[in-house]
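Q: Hi! I'm new to reading protein models. Could you walk me through this one?
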Amino acid sequence: MTDQDKPGKAQLAEMFRDFIDAEYVIVDEETLRPYECDGLSMYCEMPLIVVLPETVQQVQRVLRICHQYSIPVVARGAGTGLCAGAMPHAEGVVLSLAKFNRILSIDPLARSARVQPGVRNLAITEAAAEHGLYYGPDPSSQIACTIGGNVAENSGGVHCLKYGLTVHNILSVEMLSVEGEKLIIGSQGLDSCGMDLLALITGSEGLLGIVTEVTVKLLPQPEKAQVVMAAFDSVQQAGDAVGGIISRGIIPAGLEMMDTHAIRAAEDFAKAGYPRDAQALLLCEVDGTAEEVQEHITQVEGLFATFGATSVRTSQSEAERALLWKGRKSAFPAVGRISPDYYCMDGTIPRGQLAHVLTEMQRMSDEYQLRVANVFHAGDGNLHPLILFDANVPGEFEKTEEFGARILELCVEVGGCITGEHGVGIEKIRQMPIQFNEQELVQFNAIKDAFDPAGTLNPGKGVPTLRHCQEHRALETKPAPASMTTKGAA
Amino acid sequence: MADIAKRLQEQILSARDAGTKLNIIGGNSKSFMGRVSSGEPLMVAGHSGIVSYQPVELVLTARAGTPLTELVAALDEQGQMLSFEPPRFSNESTLGGTLACNQSGPGRPWWSSVRDQVLGIRLLNGRGEHLRFGGQVMKNVAGYDVSRLQAGAMGSLGLITEVSLKVLPKPAVTRTLVFDMPLNEALGLMNRRAAEPKPLSAACWLDNRLYLRLSGAQAAVDATVRQWQGQGEQLDDGDAFWAALRDQELAFFDGAAPLWRFSVNPTAANPALEGDWLLDWGGAQRWYRGDASMAQMQELAEAAGGQVSLFRGGDRQGEVMHAQSPVLQTLQQRLKQSFDPDGVFNPGRLYSWM
Ligand SMILES: Cc1cc2nc3c(=O)[nH]c(=O)nc-3n(C[C@H](O)[C@H](O)[C@H](O)COP(=O)(O)OP(=O)(O)OC[C@H]3O[C@@H](n4cnc5c(N)ncnc54)[C@H](O)[C@@H]3O)c2cc1C
């Protein structure tokens, strides 16, 4: 395909209008603008065209045309992603799944729901509620983010310590390949023959195919849930208390930590009654049968006291439980109010390294003269340092990025990883070679090739491409060349 | 207890150079699974030992040849367990084989599967490259999930050399209730019970009896036993029953008749096929003993929303796994090619075309 054969923007739009309503083929700058970034607004790019198809057949036709002319395709759910995964490609089409917002069926006895990819995460739980069921993974963005985006990012939430991530809570997906061919991966059973493609697709960031339907598992709503809030004079003590609970054989439904900056910001925002003078705050939710919750709550309260908590408060009603969580769930916007901008990192570390990592981070914070607030999925070691900065100060974003990169390096150094749930996207592509060596990256690229040889699905994201792929294949067993590019990175 | 990764790597490289094929063998306890594979044995059991285990982190890393019995013993000392209850078809069953064959026991619908609990692996691919994917932390979305992709691949993508797993505390108490009940009634009840927020941890039907296992905090289990027991009775040696089910040591599994495994919608009506059935996983995994054709069984499995495999016995020259759709077949062949371009590992073990 030479460039001369490629249709121009107007011509391409004409082709799409052939089978998609004209108003859902967007070409004008003003209407395109809201699509220029996802939740990580520091990375922007205007797309060529945005399409909002309504049927799987339309999506298939969009894909076939794009495949024929080697036009990049970037899938988009709600655009709440935090790694620039849904950031458009300048010469590409944004394929919005926003119109696929129907819950197709709920089977209460089999405890599953078939939903379209644009259905919001929370909408599934709301629809399942009448059957006493809910969908487990609950990202803080759950009012807005879509299940298609959740599958693409393998999203988690505050309850994934006990109930797992997206990958643990889906049964099957219907996906279109880059050529527009339909694939059914998984089944109504709990596993399928052959390699586990469902796991491979989950977290693949729109690089392997377009998800057009998802069957999720539903869980029975627990009889009871209570949250214990405990304040500590140091993060070390709070970290030890987390270890203490887990060693006692209790797996809380959620176990979250906030540091002093996050506590204050959240309290000012949500008025949840958090102790503003605490150095660290733990929220520990226990759920299950009424008897079980009672037994575990008593144990947790006792443990917190043993580990030196300065105050312990247990929710006595659903309203109080919701209030205690409100502070945590709104921690990002809350921090957004105390600083012009903030940058959210997403490393995961072995929990035992927490105190060390936080101390190092404080040292870097002093070095870069940038404040950092920490919210932490403490139960599973997933850290969200929020670096506070002001984008209007020249050079400050660059400084922030450098600081962020060093945090991620630190996470890898202590045995962790660069992203726990937000994905690589464009944002962390430069850190991929820290976590993976060249042979591993070559293997990732080979997987991508198996699905999308021309590399038109969400190009430039997720995995750094090797500049000289052809040469590389010829070399195979020889050491890989050092030429990684981060093509497409802003 | 040794690290023989270097030696394994050399064997792979020389097989590749010589154009020979390798048949990966761990504890040799699952040689009955999959199709008959040609190839020279590549013995992995020597690559064994726990690399790290931190009970407070709930993470264990071990070499792939480590026997499950060794892992279970180490976890036992800390009051923890492999929550996916891997079958031990013999004392030699290894961790690597368990992942490659995607083997999980009775608690699977409630406590997760081996693929759910895998956090990371090391793998020798067909180019002899020793690669590391995933990690030793609970959450990791950097790169594709190559670790979980191995579940069910039966070694076709490479030699798993090391596995990191999430482990869980053992439940404080376990009780088993048994009810006399015909299959259809049991199927309905299993599903209704599973939709209740109670500490159910296994549900099985065999010989007109329904077995429900409850595990968790003492108070929760006791209260549920009171609410659910009705006409049922408590089984004294419940743990022994579930272990025998897990390891296929119940009388149902005796004899030479072909053993078929259905992985289906837990609520699906049971296939109308005369013969012996055993329902596990609350109805999502069903076992059948008897002669039948793969084509016939596939039709029944699809009607039940799932898939079938010829688990043990029968014709192991033909296909033993549910047929893949043409697109998925091509895709898996391409993936195989990406990991093992010369087809060194386990030729034809999973499918004749793999
Ligand atoms: C305030 C806030 C809080 C958050 N909290 C959490 C949290 O607690 N846990 C967590 O895990 N994440 C969290 N996130 C991140 C984000 O919400 C998740 O990554 C979410 O899954 C993205 O969904 P989306 O529909 O917005 O996807 P988008 O941002 O639109 O897209 C995300 C990626 O998925 C791809 N994609 C979207 N739809 C499809 C499809 N149908 N087929 C193939 N690929 C597709 C896109 O190409 C892109 O790469 C948070 C974000 C914000 C802004």
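A: Happy to! Let's begin inside chain B: the centres of its domain 1 and domain 2, taken over C-alpha atoms, are separated by 31 Å. Keep in mind that this is a predicted model, where local features need pLDDT of at least 70, side-chain atom pairs count only at pLDDT 80 or more, and totals for chains, interfaces and linings use all residues. Residues are numbered from 1 along each chain as its sequence is written, chains are lettered from A and ligands numbered from 1 in the order in which they are written, and side-chain values use heavy atoms, with hydrogens and water left out.

Q: Where do those two domains of chain B run?
A: Domain 1 of chain B covers 5-169 and domain 2 covers 173-246. Such bounds come from an automatic or database domain assignment.

Q: How many residues of domain 1 of chain B are in contact with domain 2 of chain B?
A: 10 residues of domain 1 of chain B are in contact with 10 residues of domain 2 of chain B, where contact means heavy atoms within 4.5 Å. The two domains bury about 780 Å² between them, with 62% of it on carbon and sulfur atoms. P106(B), W110(B) and W111(B) supply 67% of the area that domain 1 buries there, more than any other three residues. Buried area is the accessible area (1.4 Å probe) that two parts lose on being put together, summed over both.

Q: Which residues form a salt bridge there?
A: E85(B) pairs with R213(B), with the closest N and O atoms 2.9 Å apart. On the domain 1 side, the touching residues divide into six nonpolar, two polar and two charged. For that sorting, Ala, Val, Leu, Ile, Met, Phe, Trp, Tyr, Cys and Pro count as nonpolar, Asp, Glu, Lys and Arg as charged, and the others, Gly among them, as polar.

Q: OK, switching to chain A. What domains does it have?
A: Chain A is divided into domain 1 (3-96), domain 2 (106-220), domain 3 (224-334) and domain 4 (340-472). The C-alpha centres of domain 2 and domain 3 of chain A lie 29 Å apart.

Q: And what happens where domain 2 and domain 3 of chain A touch?
A: Nine residues of domain 2 of chain A are in contact with 11 residues of domain 3 of chain A. About 890 Å² is buried between domain 2 and domain 3 of chain A, and carbon and sulfur atoms give 52% of that area. In domain 2 of chain A, V158(A), L161(A) and K162(A) lose the most area to domain 3, together 60% of what that side buries.

Q: K162(A), got it. Which residue does K162(A) form a salt bridge with?
A: Its partner is D287(A), with the closest N and O atoms 2.6 Å apart. The rule finds two salt bridges across this interface of domain 2 and domain 3 of chain A.

Q: How confident is the predictor?
A: The complex gets an ipTM of 0.98 and a pTM of 0.95 from the predictor. Chain B averages a pLDDT of 97, and 100% of its residues score at least 70; pLDDT is the predictor's confidence in each residue, from 0 to 100. For chain A the mean pLDDT is 92, and 94% of the residues reach 70 or more. Over residues 468-490 of chain A, though, the pLDDT is below 50. Where pLDDT is low, the predicted coordinates should not be read in detail.

Terms used: A salt bridge is a side-chain nitrogen of Lys or Arg within 4 Å of a carboxyl oxygen of Asp or Glu.
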